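Trainee: I would like to learn how to read a protein model. Could we go through one together?

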Amino acid sequence: MNRFLNKKRLATFLILVISCFVLSSRAEPYLAFKNNMFCSGCHVNPIGGGARNSYGAYYGTNVLPQNAGSLTQFDTGNITEALRIGANFRTNYTQTDLKKGEDTQTFETQSGQLYVILQPKDSHFSLYIDEQLAPGGAINREAFILTKLTGNNILKVGKLMLPYGIRLEDDTAFIRQATGFNFDNSDNGIEWDWQTDHTFVSAAVSNGSSGLTNNDKGLSYLTRVEYLGNNWRLGVSGVYNNADLGTRYQTNLFGGFNWLGFTFLAEVDAIKDKSISHVAGTYEEQRISFLEVNREVIKGLNIKATTEYFDPDTHISENQRVRHSLLLEYTPFANLQIRGGLRDGKDIPQKISGNYTNIFAQLHFYY
C-alpha cells in the first residue's frame with residue numbers, strides 16, 4: 001500500500017513538473033548573486049525585497065522570462081511621476097506525506113502583497129508601504145519614510161524589515177525562522193544604509209519586540225556588512241537585543257559565488273539567547289546553516305537545490321533537524337512564474353510534523 005502511495009505521489013509530482021513545460025519578488029537573492037549586484041539594483045528598498053525599481057521591472061519583463069515582454073509597452077509601475085505601485089501574489093498546491101501521521105493535500109494562497117511608493121516632486125523624501133492583502137485580512141508589513149542623504153547615505157524610519165543575512169523568499173527556511181528575520185517579522189525603528197560599488201553597510205536600532213511599541217527598557221541593535229567582489233561576495237551580520245527576559249546575541253556569515261554557470265549561496269548563523277530558559281546565568285545556543293545552488297538550464301528555467309541544518313539547542317545531543325529541497329522555477333512570460341518541487345524534512349522521531357516528504361506547485365504573479 002505504501003509503495004502504491006509513493007508511486008502515486010511521484011506521478012503527481014511528474015505531472016506538475018511536465019505541466020510547467022507545457023505552459024511553455026518577495027526577493028530572489030540568487031538573481032542578485034548571479035548578476036553580481038546588490039539587492040538595491042532591482043528594488044526600491046535598498047536591502048531588497050518588495051517593490052521593484054525601474055531596472056527591476058525591466059529585468060522581470062525582458063531578462064528573466066523565456067519570452068520577453070514588449071519594449072514599446074514596457075510598464076515600470078509608475079501611475080504618475082509621484083506615485084508608483086507593485087505587487088506579488090503566490091498561490092500554492094501542497095501535498096504532504098508524514099512519515100507517521102495523516103497525509104494532507106491543500107490549495108492555499110501563500111501571500112499577496114501590494115506596494116505603494118509616494119515620491120513627491122522635488123522632494124528628498126518618499127513614503128514606502130508594503131501591505132499584505134492575503135491570506136486573511138490586511139496586514140501592514142512595512143511603512144517607512146526613506147530619504148537619501150548626502151553622498152551614498154540612505155535613512156529609513158518607521159516599520160521595517162531589518163537587514164540580516166541573505167533575504168530569502170522562503171520564510172520557512174531555518175535561517176529565517178530561527179533568527180526571526182523574515183518577511184513576516186518586521187519591527188519599528190530606524191535604519192541607515194551606505195553603499196559604494198563594492199560595499200554595502202547597514203546599521204539599525206529597533207524595538208526588538210516585533211511590536212508597535214517596545215515592551216521593555218532595552219532596544220535591539222543590528223549591523224550588516226556585505227562586500228561585492230568579481231562574481232563573489234562575503235558578508236556578516238550581528239544583533240544585540242537587550243530584553244528584560246534576557247539578552248539575545250546573533251551573528252552570521254554569508255556569501256556566494258558564480259562558477260561554470262552555477263550560482264552558490266550559503267549562510268551560517270549562531271544564536272545565544274538568555275531569554276528562553278528564564279533561569280539566571282543560563283542560556284540556549286543554536287546553530288543554523290543553509291546552502292543553495294542554482295543553475296539556469298535554458299532561458300527562463302532555473303533549477304534550485306537547497307540543504308539546511310538546524311540545531312535548536314547545542315546543549316542537547318541528537319536533536320538536530322535537516323531539510324533538503326529540489327525546485328524548478330519556470331518563467332515563461334513576463335509577470336508569471338511557475339514553481340514546483342520536492343522537499344524532505346527530518347527531525348527527531350517524537351516530532352511527527354518534522355518528518356515528512358512534501359510536493360508543491362506554485363503560481364507567482366509579480367509586478
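This is a predicted model: local features need pLDDT of at least 70, side-chain atom pairs count only at pLDDT 80 or more; totals for chains, interfaces and linings use all residues.

Trainee: How many helices and strands does the protein have?

Mentor: Helices (H or I, at least four residues) and strands (E, at least two) are DSSP runs, numbered from the N terminus. Here there are 4 helices and 16 strands.

Trainee: What share of the residues is buried?

Mentor: Buried means under 20% relative accessible area (1.4 Å probe, protein chains only). Of the 367 residues, 49% are buried.

Trainee: Which strands does β9 pair with?

Mentor: Two strands pair if DSSP finds at least two bridges between them. Strand β9 (residues 232-243) is antiparallel to β8 (residues 220-228), with 9 bridges, and antiparallel to β10 (residues 246-259), with 12 bridges. Ser220 faces Asn241 in β9, and Val239 has Gln250 in β10 as its bridge partner.

Trainee: How many residues lie between the strands of each hairpin?

Mentor: There are 3 between β8 and β9, where Asn231 in the turn has a positive phi of about 70°, and 2 between β9 and β10.

Trainee: Which residues does Leu98 contact?

Mentor: Contact means heavy atoms within 4.5 Å. Leu98 belongs to strand β1 (residues 83-98). Beyond its neighbours within four places in sequence, Leu98 contacts Asp103, Ile352, Ser353, Asn355 and Tyr356. Leu98 and Tyr356 are 258 residues apart along the chain, yet their C-alpha atoms are separated by 4.3 Å.

Note on methods. Residues are numbered from 1 along each chain as its sequence is written. Side-chain values use heavy atoms; hydrogens and water are left out. Buried means under 20% relative accessible area, exposed over 50%, partly exposed in between (1.4 Å probe, protein chains only).
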